[in-house]
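This briefing sets out selected features of the structure shown below, grouped by topic. Please read it alongside the sequence and the coordinates.

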Amino acid sequence: MPGSDVPEPEDLRSDEGVLKVDLTIHSSVPSKGPARYCYTDVRGGQSPNLRVHPGDLVILNLKNELMDPADEPAADHQVHAHAQSGSDACSGPRMTAMSTNLHFHGLTIPAVCHQDDVLRTSINPGDPPFEYRFRIPENQPPGLYWYHPHIHGFTKTQVLGGASGAIIVEGIERVNQATVGLPERVFIIRDQDLMNPHSPPSKSEPVLPKMLIDRDGDAANNGTGFGKPAKDLSINFVPVPYPDYPPARIQMKPGERQLWRVLNASAITYLNLAVLFNRKPQPLGLVALDGVPLNENGASRDRVSWQDHLGVPPGARVEFIVEGPFAGVSGLLVTRTVDTGPGGENDPNRALATITASKNADEPRSRLSASPHPMLPSSLPWLGRVRPVRVRKLYFSEKVSDPADPNSPTEFYLTVDGQAPAVFDMHSTLPNIIAKEGTVEDWIIENRSNELHAFHIHQLHFMLIGYMGTAVDEPFLRDTVNVPYYTDRALQYPSARLRMDFRDPNSVGTYLYHCHLLEHEDGGMMGLIRVDPQ
Ligand SMILES: [Cu+2]
């Protein structure tokens, strides 16, 4: 219900080095509005947090109970179910709107069936529960990761409908003193189709020119920070719908410090988070990004980066220290407007939740250890000091499929410079890129389109070493990065320069890189990489 308290997802914790979990993916088609998707565990918990330690074994059984989104009569489901049962889910049988699988975003685990393969794995209604079985690497940085379906062509529908959940690799307090003993909370921001698509904007908003539709069929960016958004947002499944954005509620003990772990599980919506007290932005102590502590390079111990706002592209995570308000102060968690470019979606200013001080506020369910054993630093040389074996250039671009008809569907490309732009083909077995285990490469990702894109690669993290042509030296790694949009006034294409790390044996295999705006990904903005063993 809009305006209610933000619930905490249930925590499923590993026991003696093993996390065993049974999840079922469900869908429902409400009488009004689009299909909803959700994971439930055996106790009925919705999209639980999976809490693990480096080295733990995860055994996750996934049962597919999706309904046909076209809402066919029930008899048809049975026919589908029988036709599918007995098929080998590892050989990529059919991938339809009712198929599903899981991607473990950010984990460096092998891209093979039953671990983190999304190219061939397809679990269908009627199939027996499908077993995922993998080990969290000993060297996986402690932080926030996530799980979501990744069936090509249908990822957006399922994720937009709500199919996502958090994975927490425990131990950030073992590498950053500033987090020792803090209560922690997990916030998952999802987007969804508008609950009130035909409402005019709230009366408190300035009057805007007529709303336009972008090429994806969503409300186009109007550059004002106001007006109808392309999608509604929710926080831990509490919707904050357009046009009035009734905020959800977060209560904290007065002045209490907490670690907030925030996942942007939106299909297309960028976040630009801020915490306001009496309308003034408060310092947010960033300690980790995309699951990786900010002091990952070992040079800057216990690093906290104080910011007054945090940009979070779809798929990315931020973990930061927040100090709660004192009694009588009105606090607000907001996302500020994001300029997604002339071709992008409208992403206006909006509230997500009020933050109020209360002596009786419930303590968060989870608290970081007050006396942690320090974690040993990585034994590998820091990525920033390893020489790349080559430089590659890739670029995002878009093309109207029929140049004579500006309203024809857009084709989305992510192209290796020198190859012909093409929408991704799931049946292709020819990799776009071949790399070698043990090496490091520099990739320049350009944006040649007039909207934002977020580059993501499976199986590994990278270091951002350049942005918009300027060198940067971040002491941490990312797995998702925003690339600014191009306009014809720009002298060169906007770009991010990434140092890609193929040193880990788990990075061997064939897998995907793509834009994490899921309608772009489903539309073909994706490529195939094969990393050969040494
Ligand atoms: Cu994109």
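Predicted model: local features only at pLDDT ≥ 70, side-chain atom pairs only at ≥ 80, totals over all residues.

A residue counts as buried when its relative accessible area is under 20%. His520, at 0% relative accessibility, is therefore buried.

**Copper site**

- The copper ion is held by three donor atoms, ND1 of His453, SG of Cys515 and ND1 of His520, at 2.0 Å.
- Along the chain, these donors are spaced as H-x61-C-x4-H.
- Because His453 belongs to strand β29 (residues 453-457) and His520 to helix α3 (residues 518-522), this pair ties together parts that lie 67 residues apart in sequence.
- His453 has 0% relative accessibility and is therefore buried.
- Cys515 is likewise buried, with a relative accessibility of 0%.

**Disulfide and a further cysteine**

- The count of disulfides comes to one.
- Cys90 and Cys113 form this bond, with an S to S distance of 2.0 Å.
- The torsion about the S-S bond of Cys90 and Cys113 is about -85 degrees, and the disulfide is therefore left-handed.
- The bond links distant parts of the chain, 23 residues apart: Cys90 sits in the loop between α1 (74-84) and β6 (103-105), and Cys113 in the loop between β6 and β7 (130-135).
- Cys90 is partly exposed, its relative accessible area being 22%.
- Cys38 is buried, at a relative accessible area of 12%.

**Nonpolar cores**

- In soluble globular proteins, nonpolar side chains tend to be buried together.
- The largest nonpolar core comprises 42 residues, and Trp260, Val318 and Leu333 have the most contacts inside it.
- Strand β15 (residues 271-277) supplies the largest share of this core, with four residues.
- Beyond its neighbours within four places in sequence, Trp260 contacts residues including Phe187, Met252, Val275, Val318, Phe320, Leu333 and Ile355.
- The contacts of Trp260 also include Arg185 and Glu319.
- Another core, of 32 residues, lies apart from the largest one, and Ala111, Phe396, Phe412 and Val481 are among its members.

**A five-stranded open sheet**

- Five strands make up an open sheet of mixed pairing, in the order β1-β4-β9-β8-β6.
- Its edge strands, β1 (11-13) and β6, each pair on one side only.
- On average, neighbouring strands of this sheet are turned by 25 degrees against each other, with direction ignored.
- Within the sheet, β4 (residues 49-52) and β9 (residues 165-169) run parallel and are joined by three bridges.
- Val52 stands opposite Val169 of β9.

- Strand β10 (residues 183-192) runs antiparallel to β11, and four bridges join the two.
- The bridge partner of Asp191 in β11 is Leu233.
- Strand β12 (residues 238-240) also pairs with β11 in the antiparallel sense, over three bridges.
- In β12, Val240 is the bridge partner of Leu233.
- β11 and β12 form a hairpin with two residues between them, and Asn236 in the turn has a positive phi of about 45 degrees.

How values were computed: Residues numbered from 1 in each chain as written. Heavy atoms only, no water. Donors = N, O, S within 2.8 Å, 3.2 Å for Na, K, Ca; no water. Buried < 20%, exposed > 50% of the residue type's maximum accessible area, 1.4 Å probe, protein only. Disulfide = S-S within 2.5 Å. Core = buried A, V, L, I, M, F, W, Y, C linked by side-chain atoms within 4.5 Å. Contact = heavy atoms within 4.5 Å. Pairing = 2+ DSSP bridges. Axes fitted to C-alpha atoms, helices over the stretch in contact; angles between N-to-C directions.
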